[in-house]
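I set out to look up strand pairing and helix packing in this entry. My notes follow the display.

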Amino acid sequence: MRFIPEEPHFTEGQSAERSVWEALNRTLPDDAVLAHSVQLRDGRAEHEIDILVLWPGVGMAAIEVKGGRISVENGQWLQSDRGGSHKIQSPVVQSQSSHHALKNWLGRQLGTPLTSRFAYMVAFPYTSVPKEWGMAGCPRTLVLDDRQCESPAELVRRAIETEGGGASPLATAFMERIERQLAGSLDGGTGAPVSPREDEDTQDHLTERQAVLLQATRSLTRVRFTGGAGSGKTWLAVEKARMLSKQGKRVGLFCYNKGLGQYLQDRVSSWRQAKPIFTGEFHEYVRQLGVPDGKGQDYFDVEMPRLLREMAGTMPAHQRLDAVIVDEAQDFAPLWWEALLACTADPENGEVYAFMDDRQDVYKRWGGLTADLNQGPTATFVPIHIDENLRNTRKIAETFKPFAGEHFTPRGSTGLPVRRVHCSTDEALDVAGDCVEALIDEGWANNQIALLTTKERHPVHLDYFDRGATEEYWREFHAGDAEFYGHVLGFKGLERSVVILCVNGFKDMARAAEQLYVGLSRARSLLVVVGDSELLEEAGGRELKHSLARAEAWDYSLAVPG
């Protein structure tokens, strides 16, 4: 466990605070942070938090500690100690005030409102408080008395989760940012801009706030979550799968692309409790059930789902799914939906959750039919729109905003300027490869970088394809040991800190706009667009031309090592 300060000093009159501190130290998990005597200013008002708890995955608690015997008479708080009995300010009001002051201060320091769960509490380590006691503004769950102060961690957790304001648990990365602010280290820096790592920590924290959507829709059994790139749909799909699995339901978590399928598998592999019955590609699920493999797009789109529906007619009850969750649902053929629903315990009314962006229909094989989803005669999908972009910096999000719809709203930090490298289409592959080297020379780690093409595969990518090493290819991507070379069609739902979008042509100009949308939106911190300006305007339209006109022209040949 980490402490702020590292060796807190308790004076002779702070024995109550020491006892509560030591009890928290004994009972909180090792990854929690304890801060003592946090001094705050909010306007002209000064505040102090006796003990602040930062608990990753749970939230925060500001605890006001009062020693002696505490009582309340006709609304007046009293404290009795060796010097007798005297009136004191309400410790609840003190805790509330310091709680609000910290929220305000952190919002100013971090540049984003604090939305993690945060409770104010009081601790009376030498006073017994009846279980049924309570008063306005202070339910009993926010009070630790003499018995509870001996082992307080679980009670603090309960208070945070039941009474703490805020929409989401405290993300580890965001907690570390708060910890740095509280520590107040002064290293003589020159005011350098926020690092890409910090930008991405903030993006992760904002994404986890989306859990409120799942809570708000928990009573709905069929929901279509529609949102633009970077709105956190994949995170929501995984979190929904976790919630339903913990309820004991048989859950299937599906997608279309192999790379995204492996990502989803990696996410659920570390869960200690219940997991989905299946996680990964739809076609792999069908194969596991015993449907024979085949060849050709017509087989996968029509014949395979037909065979699955036939098999579902004799599927035993213990194999049927209670809930179906599909990420990048716009990629699913209509017949796949019918086949999946046939594998559920209640095909007409069972739980189905689709996470999709109908503006990223890059395959364009089904004319948008999959977007309807209302397959059953009685079950209707409730549409939920997710309009905020959380996974990209604003500089990047503004570049692909023309593709994302009128309600698309960037919420990330400003970030680094988008870089633009003009070259002919024939030169794009070579120039993009040189950009990888230049970025590494700048100081970017090679495993932060992905180079994505729009037509022919990069030679590194092609080598894996020709060798039939697709599994190895994606496993190496998820291991994150080196730069990645891919194609925009296979990178849907995935991301890296830096993306070099290599516009080396398009096989079908009718699909070019959707491909550009995917490629431009895969970068979290830095986007580099390489290619011919006229081709980009033809594919993306005048709005994309205007967006890229704001980009920074980059001479990659001038990158200096170090």
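Entry, model. I am working from a predicted model.

I looked up the strand order and found an open sheet of 6 strands, ordered 1-2-3-4-8-9, with mixed pairing. I then checked the edges: strand 1 (2–4) and strand 9 (143–144) stand there, and each has a single partner strand, so one side of each is left without a neighbour in the sheet.

Entry, strands 4 and 8. I find strand 4 (residues 59–65) running parallel to strand 8 (residues 118–123), with 6 bridges joining them. For Val 65 I noted Ala 123 of strand 8 as the bridge partner.

Entry, strands 11 and 12. I looked up strand 11 (residues 251–255) and strand 12 (residues 278–281), which are parallel and joined by 4 bridges. Opposite Phe 254 I find Gly 280 of strand 12. With helix 8 (residues 258–269), strands 11 and 12 make a β-α-β unit, which is right-handed.

Entry, helices 16 and 17. At what angle do the axes of helix 16 and helix 17 cross? I read roughly 70° for helix 16 (residues 512–520) and helix 17 (residues 533–549), whose axes come within 8 Å. Angles of 65 to 115 degrees count as roughly perpendicular, so helix 16 is roughly perpendicular to helix 17. The crossing is right-handed. I listed the contact residues: Ala 512, Ala 513, Leu 516 and Leu 520 from helix 16, and Leu 536, Ala 539, Gly 540 and Leu 544 from helix 17.

Key: Residues are numbered from 1 along each chain as its sequence is written. This is a predicted model: local features need pLDDT of at least 70, side-chain atom pairs count only at pLDDT 80 or more; totals for chains, interfaces and linings use all residues. Side-chain values use heavy atoms; hydrogens and water are left out. Two strands pair if DSSP finds at least two bridges between them. Helices (H or I, at least four residues) and strands (E, at least two) are DSSP runs, numbered from the N terminus. A crossover is right-handed if, with the strands pointing away from the viewer, the path from the first strand over the helix to the second runs clockwise. Axes are lines fitted to C-alpha atoms, for helices over the stretch in contact, and angles run from 0 to 180 degrees between N-to-C directions. Angles under 35 degrees count as roughly parallel, over 145 as roughly antiparallel, 65 to 115 as roughly perpendicular and the rest as oblique. A crossing is left-handed if the near helix is turned anticlockwise from the far one by less than a right angle, and right-handed if clockwise. Contact means heavy atoms within 4.5 Å.
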